[in-house]
Protein chains: 4
Amino acid sequence: MADTLIKVDLAQSAYENEQVHNRWHPDIPMACWVNPGDEFILETYDWTGGFIKNNESADDVRDIDLSIVHFLSGPVGVRGVKPGDLLVVDLLDVGAKPESQWGFNGFFSKQNGGGFLTDHFPLAQKSIWDFHGVYTTSRHVPGVEFAGLIHPGLIGCLPDPKLLHTWNERETGLIKTDPNRVPPLANPPFAATAHMGKLVGDAGRRAAAEGARTVPPREHGGNCDIKDLSRGSKVYFPVYVDGAGLSVGDLHFSQGDGEITFCGAIEMAGWVHMRVNVIKDGMAKYGIKNPIFKPSPITPTYNDYLIFEGISVDEQGKQHYLDVNVAYRQACLNAIEYLTKFGYSRAQAYAILGTAPVQGHISGVVDIPNSCATLWIPTQIFDFDIRPQANGPTVHIKGGADVLLSQDVA
Amino acid sequence: MADTLIKVDLAQSAYENEQVHNRWHPDIPMACWVNPGDEFILETYDWTGGFIKNNESADDVRDIDLSIVHFLSGPVGVRGVKPGDLLVVDLLDVGAKPESQWGFNGFFSKQNGGGFLTDHFPLAQKSIWDFHGVYTTSRHVPGVEFAGLIHPGLIGCLPDPKLLHTWNERETGLIKTDPNRVPPLANPPFAATAHMGKLVGDAGRRAAAEGARTVPPREHGGNCDIKDLSRGSKVYFPVYVDGAGLSVGDLHFSQGDGEITFCGAIEMAGWVHMRVNVIKDGMAKYGIKNPIFKPSPITPTYNDYLIFEGISVDEQGKQHYLDVNVAYRQACLNAIEYLTKFGYSRAQAYAILGTAPVQGHISGVVDIPNSCATLWIPTQIFDFDIRPQANGPTVHIKGGADVLLSQDVA
Amino acid sequence: MADTLIKVDLAQSAYENEQVHNRWHPDIPMACWVNPGDEFILETYDWTGGFIKNNESADDVRDIDLSIVHFLSGPVGVRGVKPGDLLVVDLLDVGAKPESQWGFNGFFSKQNGGGFLTDHFPLAQKSIWDFHGVYTTSRHVPGVEFAGLIHPGLIGCLPDPKLLHTWNERETGLIKTDPNRVPPLANPPFAATAHMGKLVGDAGRRAAAEGARTVPPREHGGNCDIKDLSRGSKVYFPVYVDGAGLSVGDLHFSQGDGEITFCGAIEMAGWVHMRVNVIKDGMAKYGIKNPIFKPSPITPTYNDYLIFEGISVDEQGKQHYLDVNVAYRQACLNAIEYLTKFGYSRAQAYAILGTAPVQGHISGVVDIPNSCATLWIPTQIFDFDIRPQANGPTVHIKGGADVLLSQDVA
Amino acid sequence: MADTLIKVDLAQSAYENEQVHNRWHPDIPMACWVNPGDEFILETYDWTGGFIKNNESADDVRDIDLSIVHFLSGPVGVRGVKPGDLLVVDLLDVGAKPESQWGFNGFFSKQNGGGFLTDHFPLAQKSIWDFHGVYTTSRHVPGVEFAGLIHPGLIGCLPDPKLLHTWNERETGLIKTDPNRVPPLANPPFAATAHMGKLVGDAGRRAAAEGARTVPPREHGGNCDIKDLSRGSKVYFPVYVDGAGLSVGDLHFSQGDGEITFCGAIEMAGWVHMRVNVIKDGMAKYGIKNPIFKPSPITPTYNDYLIFEGISVDEQGKQHYLDVNVAYRQACLNAIEYLTKFGYSRAQAYAILGTAPVQGHISGVVDIPNSCATLWIPTQIFDFDIRPQANGPTVHIKGGADVLLSQDVA
């Protein structure tokens, strides 16, 4: 059995675990070291460090201080790996902690981060998803059961100082273009809630002041939230510092393309079983800027889809120029409207799109002025038939359960 | 055998075929009528009406007058179908014309329409793809052979006057925001090259002056360029006029998600075998605004992918806010760079992304400020191994053949 | 477009077409010649040469003289190919003749060949299947529609004299163990109905007297009836004579594993588009005795199955020793019994197993004394849900249509 | 988290665990009880109860007393379930014991059970397979790594006295036809090594004397060794006694169709997470004799196969009549011969066929006198290309490692 190099105790604060961090900075010391070819296991908190609870209130989703995320396990140093190499990571398996066989999905309040459809769902909402082996169901979203496409939402290597500087420059530059926007355009460094792993004292404070937030995906990978980076996949990461410094967290039991609900997929605490290898000078050899990967042979094989189209004309009828975001939003809204015909609330439909193995394709991006995006719902996850019939839809969801909602506090 | 209701003669000008049209307008008379439940075949020109030739020059791609496209076969009237219904179309089969077993892919000059990567490929280029039963190869792009995901790029029903008006208003509105842009933001009605089918004389001229161009996808479907709308799929179209008025054209032997090369997929002349049915009042029953569809059980089963990530920081390092277009462009550029390591020219790599059954996923759209898009290349279409190896890539493409290029005329 | 090297006129007797033959013999002259690398098309009769008709009687299935089958197109000579080589055949596409968009499935009378379940279905029966592009339906078997896994049931190269001798020796040897069995154990050479292609006169008569019948699969491939040898697949055939002598016929629009109904799959007249290449001395290099092949990327992707088990205890409760045939027969009978609960007649259920893309797996062959075989029915081919429900099956097939039946003639 | 109702301690003899048994008999008391709808976990020994070790000798495979197998966990009683019902079992997940991340594959000596190819592999051999998350590799069989299709080889409900009597009658009847055969035709009841769970004393001895051996699959399912009965699948079992009495064991990390090596798949100790429900009177409602099941959406998606054909002419050239066993044996031998061309020993090739997710299809069973069986090897499990090339195979396996072998003891 592979050794567990990082353990997390869900009853303990993530801030007290020095093998965990929540910012990107080259000075964060390695939490542990391995050799190329090694197999090992890292346990992780959920991305909020346990803030969101398995209960019947969305208050925690409303009240969370998002500056604390994401709690990552690592960095893992790999001996002999140098900047310019590719770190080859086999995600041999990913799972939930045995004592924590559930996850959460939520929508943030528009006042606290929002989400892809925040104008339509402006309040904090939450659903809890129970795991049944390879499957999941939710007491808040009846009528669906699906196999998990389990994956880490966030994984990548430490930046070097130059790359870190680039990130901070360009993101603070963006913020300055509309500094008071709600939700904000980006998140600047924020020392107060930083957790720099083993780096403490003055050095820790200095690094905290400039450590990049973990929210966006960047050149190193990071918070890509790619559902297909699942257990069984093989990822090639760019390396910027000696030892690579691989960190991972934000595990998802399942997610739809786009992670449109932002809070987010089916979020869980768990563990990642991985193996690392190296391709020397791989970045130059293969011209790599961002990570590349091979997906897993072990993924849910749902293949009967109902596909919704959206074009880049927004909800108000305004014409946008080849804007895939607008087009995908329309496809999502079209799918939500459709699912309500079977009895789902709009929030339940939104939760399904955020959690199930839904595909989002960039179908057309050149036919001026409209992009076309498609959203693919696997029909086999429903315990009734959602396909169109000559005599119209039958209402299968009769109400009762719904996604939890908490009003904003004035 | 199903009857062929519309025939096209590739030796004849598309303008001479009164069962063909190249604008959307409610007054275009039905080219033919069928009953619900009927099966029939429509032949189609390629989208340019035969302008692009199977030869060794890209001059035709450079010189084409794009106001002539797309030449559609139809409209087909379906008896008893009313506005508000859903027209259920089974795409029973799609194929190339027996006498025309080839297609073309090209990049337009930036001065004549451009494409998704026009800043990187500003000149007219062309590759010819030969069909070998279910497979295709190109003498201009060696080392790849793949099975076609054959589909119509363009299909949909006639708009009613109100919808037509909406389209023209919003698109001309967009054009006015930057009327001299090259390439333009959108295409306004343009009577000079309009072909209104059986509608001729004064009525034809009036309709031509306001007929919507066929370039963008819109509420009715239209030029969606969705590769998965392939033979074997079932599509549910909104209906706006009595008889529906279904038209189809722009057939593709294969295409990657996004149709990024714009000219376009592997474009071909061919035929569509289809069956129509109706769901009465289906638009309201199912809350349908845009078409929805079920994909085909007969699609290439390539499932070993190499996946490239892109984020919404552009080639110049500029930070964009959750912009999927920018992210997908980076994923495409990353993939092109990678493929050059095996000996491909950048144009050949671009052509592969535009023609092969490449997937483009909207992987993350909420992690401010970066969207994450992924581009999936099926490794099984290459006759060598494109996966990363410890000792780096081997050059398999040794030059000689390349995508044709024509310089702009001053 | 590839040239059509062999044409068949369905209005003409197959015996009058000298590019057709119905026996295997090394002396049959090549019907035409091609070069390695060539692409070409061969048209074929259905296996009976048109004896079975698209009508409402099974008399033709009852009355057919099976000594006339199979009418094959070929042999095609490939220049430079020698005994010991492997002939690499790409089945680029396969289709029905445009003027003959239908096929038949039948069960032979036990007195005229029988079938896998002949003791349960001892009389001649027939169903007609209409083709709708990539799909098929039958007026005699309602409630199912499926995409075709189109393939030649019979394809292979000419034997050399030694191999022919081996075949005749071992098969006539088997016949002698029970010469009067009905149906027979094997079919010996039979000159009266032989068609030796271009070989006529005395030489033709001599060859006819020893030409091997085409019914069984043998070392060269031949009548393998492997549904997965479908369009898009690549096959490596052993070569025994100069020029290889490739013949093909017995096209199937679709078939279940085992071709259990014997008459057979959905049998049709059609065409095969293929390309040939050679691996010199490939038989020795790869240790090849029987053909090997790579399946197609273009196959129906039905993946939701209901799987039936059978063990090697027969219908009478008799224990057999690890006998897969008995086990598979039980799995078939279990599936037939199950389908009757939804209203199908037993003959309709049998026809579905023979025609649809049903899988038959050898699941266990070592657990003495019982083999276990499984039969996989794709649930997505039915227009109702065949999966077990808590409250039992609903009868969806209300009678009316049934598989045609003709009583034996005394 | 679901409760673990049966625990096994790998350091303890299976005979000492009263929730384990190794014979089928209606009098075995329930090991524990659950309600319909319950989820729970059962741990299991490997089928030999730990006799086979992770070491470098095949002596244990040679010396094992096969009368001790299989050690099953159960029976689990389900409250309210009656004879004639269907017990619906969701195999929610299956895994190896965390402390035992390895499995074994072996061939029994012909003197001790043999296997499908025992005439070709008459001696005891063994390979050890290590688990790496979802993947496995063997130090004895280099060059292959594959994802596991994890499943219980043996699962089913207790027989009633009548069914037990039927089993014993028909199997002892078979044995009597050749009582001295090596290996035997079947295994009669054998009290000396029976473990009857909680049933001890005189009652236990009486039951042991007539308890059915667990080796063959039977009407209730039992030792079906169906690789597709994997985690994520849903199985419908016939019920014969009050409470059903479900037992499970013989877990496999992976297996090829047929489990041709007999000892067997990749055998392991582990756990099964399951949920039970009931369809009242389901056996009659659906006409069920043997179990039926729906396969899992979570299975390895390898889809690039090399397929080997075999016909029912045996290794000595003898003609058999439509014998699928003979045909499948030839397909296996053809595949083994082929794999040796890349450097594998014959034993390594045999081990791959027994362990990897290889498919075995009953391709043709009616074309007298030859059956055709096909064996499908997934090419993607090899770390080199096994497909035929124009210039012949390259030897990738250079020797050194091999499957362990132990000579028979005189």
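Author: A residue is buried if 20 or more other C-beta atoms, placed from the backbone, lie within 10 Å of its own, exposed if 12 or fewer, and partly exposed in between. Helices (H or I, at least four residues) and strands (E, at least two) are DSSP runs numbered from the N terminus. This is a predicted model, so local features need pLDDT of at least 70 and side-chain atom pairs pLDDT 80 or more, while totals for chains, interfaces and linings use all residues. Residues count from 1 along each chain as its sequence is written, with chains lettered from A and ligands numbered from 1 in the order written.

Reader: OK, helix H6 of chain C. How many of its 10 residues are buried?

Author: Nine of the 10, so helix H6 (residues 346–355) of chain C is mostly covered. The buried ones in H6(C) are Ala347(C), Gln348(C), Ala349(C), Tyr350(C), Ala351(C), Ile352(C), Leu353(C), Gly354(C) and Thr355(C).

Reader: Switching to chain A. Is strand E22 mostly covered or mostly open?

Author: Mostly covered: seven of the seven residues in E22(A), 372–378, are buried. Cys372(A), Thr374(A), Trp376(A) and Pro378(A) point one way from E22(A), Ala373(A), Leu375(A) and Ile377(A) point the other way, and all are buried.

Reader: Which strands are joined to E22(A) by bridges?

Author: Strand E20 (residues 305–311) of chain A runs antiparallel to E22(A), with seven bridges between them. Within that pairing, Tyr305(A) has Pro378(A) as its bridge partner. Strand E21 (residues 359–364) of chain A is also antiparallel to E22(A) and is joined to it by five bridges. There, Ile362(A) sits opposite Ala373(A). Strands pair if DSSP finds at least two bridges between them.

Reader: Let's do the C/D contact. How many residues does each chain put in?

Author: 79 residues from chain C and 79 residues from chain D. On the chain C side, the elements giving two or more residues include helix H2 (161–176), helix H4 (282–286), helix H5 (324–340) and strand E20 (305–311). By class, that side has 41 nonpolar, 22 polar and 16 charged residues. Ala, Val, Leu, Ile, Met, Phe, Trp, Tyr, Cys and Pro count as nonpolar, Asp, Glu, Lys and Arg as charged, and the others, Gly among them, as polar.

Reader: How do the axes of H5(C) and H5(D) cross?

Author: At roughly 110°, and they come within 7 Å. That makes H5(C) roughly perpendicular to H5(D). Val324(C), Asn325(C) and Tyr328(C) make the contact from H5(C), with Val324(D), Asn325(D) and Tyr328(D) from H5(D). Those residues split into four nonpolar, two polar and no charged. The axes are lines fitted to C-alpha atoms over the stretch in contact, with angles from 0 to 180 degrees between N-to-C directions. Angles under 35 degrees count as roughly parallel, over 145 as roughly antiparallel, 65 to 115 as roughly perpendicular and the rest as oblique.

Reader: What joins E20(C) to strand E18 of chain D?

Author: Two bridges, between E20(C) and residues 292–294 of chain D, and the two strands run antiparallel. Ile307(C) has Phe293(D) as its partner in E18(D).

Reader: Last one. How many bridges pair E8(D) with E9(D)?

Author: Four, between strand E8 (residues 124–132) and strand E9 (residues 135–138) of chain D, in the antiparallel sense. Phe131(D) stands opposite Thr136(D). The hairpin of E8(D) and E9(D) has two residues between the strands, and Gly133(D) takes a positive phi near 60°. E9(D) then pairs antiparallel with strand E10 (residues 141–147) of chain D over three bridges, and a hairpin of two residues links E9(D) to E10(D). In that pair, Ser138(D) stands opposite Val141(D).

Technical notes:
Two residues are in contact if their C-beta atoms, placed from the backbone, lie within 7 Å.
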